[in-house]
Amino acid sequence: MNKLFDVVVCGHLCLDLLPQMNHLPLNVLSSPGQLFEVGNLQLSTGGAVSNTGLALHRLGVDVRLMAKVGDDFIGRATLDFLRTRDSVLIEALKVDPSQGSAYTIVLEPEHVDRIFLHCTGPNQTFSSSDIDFDIVAQARLFHLGYPTLLPHFLEDEGRELSNLFYQVQQRGVITSMDMTLPDPDGVGGKVDWQRFLQRVLPYVDIFVPSLDEALFMLRRADYDRFKESFVVREKRDYIHSLADELLALGDCALIGFKLGEAGLYLRSNRQMRLSSLMQKIDITTWTQKEVWQPAFEVSVSGTTGAGDAAYAGLIAALLRGGSIEDAARMAAAVGACCVEAPDATSGIQTWEATQQRINQGWLTLSD
């Protein structure tokens with residue numbers, strides 16, 4: 001059937017509150033009873049639905065968002081923020097008056113990674129029943145983000161999520177899934193991730209988690225052992241074998257890992273399931289390819305949403321029919337633009353501006 005628009009981005013949505021606090025060292029925050037002066041508070045929608053969805057919209061992709069918010073101040077602020085970008089974005093969003101909305105306080109002290117204080121809100125009950133499959137069927141691609149923060153999709157090692165992706169594929173829509181690092185002490189820390197991925201990935205065409213997420217799910221002992229000491233340049237064989245493991249679980253068309261400052265790794269399958277759905281793709285440029293894309297040089301202002309932005313760059317390039325190398329390059333570029341701003345979306349540039357920056361010789365960290 002003819003598709004009416006490009007992408008549905010579905011899943012986790014919240015409101016991010018980002019106080020400017022990068023002048024505060026982490027250790028002072030453990031002092032009870034003290035007041036610390038911070039800078040301006042930045043408000044932005046967050047979660048995969050907002051981060052990936054707005055990045056795609058900025059890149060010129062025709063996108064719809066599918067998630068739930070509460071009928072409260074935070075929910076209304078979430079809808080107003082998205083509406084100011086484009087009212088069409090919120091047409092498929094649901095308002096649940098029975099719950100308070102989801103929010104995240106993002107703490108970024110001096111010289112350390114982000115700390116998140118998160119309230120799940122309506123994401124706690126988000127399920128397949130909240131998805132309008134008539135709208136999904138009109139899209140070329142369906143992207144679901146953060147099932148790790150959607151408890152219904154974690155139950156029974158992903159049975160409902162597996163069925164959801166199966167239904168989407170039956171409607172002739174490409175499926176894509178992105179993760180966030182599970183809470184080791186929460187519901188996600190108790191999931192049998194090997195079984196989860198074995199059940200879900202056969203119905204997922206594109207799966208590009210971060211390296212940390214993949215290690216947590218597949219090689220937990222290595223995740224605990226490596227932590228900050230994992231040097232990608234010295235572990236290419238290890239990453240290749242991890243990709244083999246993912247492909248064996250689900251035979252996805254395209255898998256990979258977001259590698260942070262080390263860039264992006266992509267690996268295409270021997271049988272590109274995308275070929276029957278994506279008429280623009282030259283299958284000979286995609287089959288059985290492996291790409292190591294270095295990160296672009298930037299001055300980092302904040303890393304919130306960088307992985308989601310990179311995923312948006314990947315999807316946008318895929319929809320345009322470029323090569324796998326083009327897709328990896330654009331993913332790294334959009335992720336790099338993202339970290340030049342403190343929030344998840346304001347650093348994203350248009351497709352044309354991003355492409356121009358690459359063409360003008362934007363240096364990578366490998367140069």
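Which residues in α1 meet which residues in α10? Ala 48, Asn 51, Thr 52, Ala 55 and Leu 56 of α1 meet Asp 308, Ala 309, Ala 312, Ile 315 and Ala 316 of α10, where contact means heavy atoms within 4.5 Å. Helices here are DSSP runs of H or I with at least four residues, strands are E runs of at least two, and both are numbered from the N terminus.

A word on the model, which is predicted: local features need pLDDT of at least 70, side-chain atom pairs count only at pLDDT 80 or more, and totals for chains, interfaces and linings use all residues. Residues are numbered from 1 along each chain as its sequence is written, and side-chain values use heavy atoms, leaving out hydrogens and water.

Back to our helix pair. α1 and α10 pack at about 45°, with axes 8 Å apart; the axes are lines fitted to C-alpha atoms over the stretch in contact, with angles from 0 to 180 degrees between N-to-C directions.

Eight strands form an open, mixed sheet in the order β4-β1-β9-β10-β11-β12-β13-β14, and strands pair if DSSP finds at least two bridges between them. β4 and β14 are at the edges with a single partner strand each, so one side of each has no neighbour in the sheet. β13 and β14 run antiparallel, joined by four bridges; Arg 267 has Glu 290 in β14 as its bridge partner. α10 lies across β1, β9, β10, β11, β12 and β13, at about 165° to β10.

What about the core? The largest nonpolar core has 59 residues, and those with the most contacts inside it are Val 7, Leu 56, Ile 206, Leu 266 and Leu 314. By nonpolar core I mean buried Ala, Val, Leu, Ile, Met, Phe, Trp, Tyr and Cys residues joined through side-chain atoms within 4.5 Å. α11 gives the most to this core, eleven residues. Leaving aside neighbours within four places in sequence, Leu 314 is in contact with Ile 206, Val 208, Leu 254, Leu 266, Ala 327 and Ala 331.

Finally, is Arg 273 buried, exposed or partly exposed? Arg 273 counts as partly exposed because its relative accessibility is 22%; buried is under 20%, exposed over 50%, and partly exposed in between, with a 1.4 Å probe and protein chains only. Arg 273 sits in the loop between β13 and β14. Thanks, everyone!
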